[in-house]
Amino acid sequence: MAAASASRHHPVRKLRTLFISDVHLGSKAAKTDYLLDFLRHHEAETIVLVGDIVDGWRLKRSWYWPQPCNDVVQKLLRKARKGSRIIYIPGNHDEFMRDFPGVHFGGIEVAQHYMHRAADGRNYLVLHGDEFDVVVRNARVLAYLGDWAYDTAIAINIGLAAIRRRLGMPYWSFSSWAKLQVKHAVNFIGEFQKVVAEEARRHDAQGVICGHIHHAVIEDIDEIRYINTGDWVESCTAIGEHHDGTMELITWHRMRGDATVTESSGEAEKMLAQVLAQQAA
């Protein structure tokens with residue numbers, strides 16, 4: 001409650017561009033309250049939705065659409081009515097939107113990808129990134145199984161968070177940690193970043209902005225600025241472009257004063273990492 005109260009005292013930040021991805025509306029794991037709070041405190045001339053805003057995969061399995069999901073949609077539409085340009089780049093979870101390129105839904109533009117020219121003159125290729133994930137592209141059944149495993153990890157995460165809260169321990173995301181351990185073990189993240197950066201080079205861009213793997217970061221890869229927006233399931237992150245072209249990685253739960261996410265490196269975690277790596281091999 002104190003954190004929510006503290007967040008109201010944050011001034012509204014005015015940015016040139018906001019990049020948001022992987023909200024997964026329709027999933028019980030979506031942190032819609034955090035996103036609504038974030039949108040109340042940020043305004044931008046352009047808002048780019050970088051895929052997986054709606055989770056069509058989960059909605060197909062079982063319908064789940066509480067009022068906060070409507071509130072997020074209405075908040076974005078309201079920003080469009082007030083003058084923000086909103087561009088929607090579909091991902092693999094909301095791929096049904098790919099059938100409507102160029103169509104405007106209440107002022108929202110749908111595009112397969114987008115070339116963003118930053119205020120500093122740098123060109124960024126903006127895409128979701130699932131087309132470079134060999135699991136999603138070449139083995140759809142495995143992708144769905146991975147999605148189910150991620151749901152299971154999220155469920156475990158909720159239980160662990162409650163226990164840690166009662167013990168007075170800071171928040172720690174098991175699901176985020178486990179996913180990172182597996183993907184590090186198979187060198188997935190590094191390879192994904194290199195391939196996406198190379199795609200930007202192929203489009204004569206100096207940078208790339210994507211989502212998909214829920215791993216927020218800003219770094220340079222072979223002279224290409226690689227930016228990943230993260231997600232609103234665990235990390236609650238977005239990318240903001242300031243009016244001078246500077247890109248900022250915004251972690252909203254930290255900015256509004258919530259408990260800091262901590263990492264653990266105990267023997268139990270190392271053993272689990274080994275098991276996960278064996279399963280991923």
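# Sheets, cores and aromatic pairs

Student: How many bridges join S2 to S3?

Tutor: Helices (H or I, at least four residues) and strands (E, at least two) are DSSP runs, numbered from the N terminus. Two strands pair if DSSP finds at least two bridges between them. S2 and S3 run parallel, and the number of bridges that join them is four.

Student: At which pLDDT do side-chain atom pairs count?

Tutor: Residues are numbered from 1 along each chain as its sequence is written, and side-chain values use heavy atoms, with hydrogens and water left out. This is a predicted model, in which local features need pLDDT of at least 70 and totals for chains, interfaces and linings use all residues, while side-chain atom pairs count only at pLDDT 80 or more.

Student: Which residue of S3 is the bridge partner of Ile 47?

Tutor: Strands of a sheet pair through backbone hydrogen bonds, either parallel or antiparallel. S2 and S3 belong to the parallel kind. Within S3, the bridge partner of Ile 47 is Ile 86.

Student: Which strands are the edge strands of the open sheet of seven strands?

Tutor: The order of this open sheet is S4-S5-S3-S2-S1-S11-S12, with mixed pairing. An edge strand pairs on one side only, and this applies to strand S4 (104-105) and strand S12 (247-251).

Student: What angle does the direction of H4 make with that of S2?

Tutor: Axes are lines fitted to C-alpha atoms, for helices over the stretch in contact (heavy atoms within 4.5 Å), and angles run from 0 to 180 degrees between N-to-C directions. H2 packs on the sheet, touching S1, S2, strand S11 (237-241) and S12, and its direction makes about 145 degrees with that of S1. H4 also packs on the sheet, where it touches S2, S3, S4 and S5. The direction of H4 makes with that of S2 an angle of about 110 degrees.

Student: How many residues of H2 are buried?

Tutor: Buried means under 20% relative accessible area, exposed over 50%, and partly exposed in between (1.4 Å probe, protein chains only). The buried residues of H2 are Thr 32, Tyr 34, Leu 35, Leu 36, Asp 37, Phe 38 and Leu 39. H2 is thus mostly covered, and of its nine residues the number buried is seven.

Student: How many residues are in the second, separate core?

Tutor: A nonpolar core is a set of buried Ala, Val, Leu, Ile, Met, Phe, Trp, Tyr and Cys residues joined through side-chain atoms within 4.5 Å. The largest has 31 residues, and those with the most contacts inside it are Ile 20, Leu 35, Phe 38, Leu 49, Tyr 88 and Trp 232. Among the elements that give two or more residues to this core are helix H2 (32-40) and helix H4 (67-81). The second core includes Phe 192, Ala 200, Ala 205 and Val 217, and its number of residues is 16.

Student: Is Asp 71 buried or partly exposed?

Tutor: Asp 71 lies in helix H4. The C-alpha atoms of Asp 71 and Leu 36, 35 residues apart along the chain, are separated by 7.6 Å. With a relative accessible area of 32%, Asp 71 is partly exposed.

Student: Why is the pair of Phe 38 and Trp 232 classed as it is?

Tutor: Rings of Phe, Tyr and Trp (its six-membered ring) pair if their centres lie within 6.5 Å; planes under 30 degrees apart count as stacked, over 60 as edge-to-face and the rest as tilted. The structure holds four aromatic pairs. The ring centres of Phe 38 and Trp 232 are 5.2 Å apart and the planes stand at 50 degrees, so the pair is tilted.

Student: What kind of aromatic pair do Phe 100 and Phe 105 form?

Tutor: Phe 100 is partly exposed, with a relative accessible area of 35%, and Phe 105 is partly exposed at 37%. Their centres lie 5.9 Å apart with 85 degrees between the planes, and the pair is edge-to-face.

Student: Which residue is the bridge partner of Ile 221 in S10?

Tutor: Strand S9 (residues 217-221) is joined to S10 by five bridges, and the two run antiparallel. Four of the five residues of strand S10 (residues 224-228) are buried, so S10 is largely enclosed by the rest of the structure. The bridge partner of Ile 221 in S10 is Ile 224.
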